[in-house]
Amino acid sequence: MIKLTEILQNAGAYDPEVGKVNCSYEVRELFVNPKFVVCMVENEALRGIHARRPIINELSPEAKFTKLTIASGVNGVVYHNVLGSPKQHLKNISGE
């Protein structure tokens, strides 16, 4: 198992003045069996949101995010947004 930091998005109420749903972000630990990782891509949307306004104040403005795809049962997958770049996670998964 490898330990990752997952980014969770909590949707709030719709703000008609801004024309969008307000949301907040939090982190939690995520433990993954590396044998079930199917795909990893940089989450550019989350990076863009964080570049405009920090989603979590303690994170560096240069923080990178990965969309992780995990195999879940027969033909099923689960997606997780995790802190760090795909290259960083590849090192963890491959044991380097």
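The lining of the largest pocket is made up of five nonpolar, two polar and three charged residues (nonpolar: Ala, Val, Leu, Ile, Met, Phe, Trp, Tyr, Cys and Pro; charged: Asp, Glu, Lys and Arg; polar: the others, Gly among them). The structure is a predicted model, in which local features need pLDDT of at least 70 and side-chain atom pairs count only at pLDDT 80 or more, while totals for chains, interfaces and linings use all residues. Residues are numbered from 1 along each chain as its sequence is written, and side-chain values use heavy atoms, with hydrogens and water left out.

The residues lining this pocket are Gln9, Ala11, Lys20, Val21, Asn22, Cys23, Tyr25, Ile49, Arg52 and Arg53. A pocket is an open set of points on a 1 Å grid over the protein atoms alone, where a 1.4 Å probe fits, with protein on both sides within 12 Å along at least five of seven lines; lining residues have an atom within 4 Å of a point. Two or more lining residues come from each of strand E1 (2–15), strand E2 (20–32) and helix H1 (44–52); helices (H or I, at least four residues) and strands (E, at least two) are DSSP runs, numbered from the N terminus. E2 gives the largest share, five residues.

Tyr79 lies in strand E5 (residues 77–83). The charged end of Lys67 sits over the Tyr79 ring, 4.7 Å from its centre (NZ of Lys or CZ of Arg within 6 Å of the ring centre and within 35 degrees of the ring normal). Not counting residues up to four places away in sequence, Tyr79 touches Lys67, Leu68 and Thr69 (heavy atoms within 4.5 Å).
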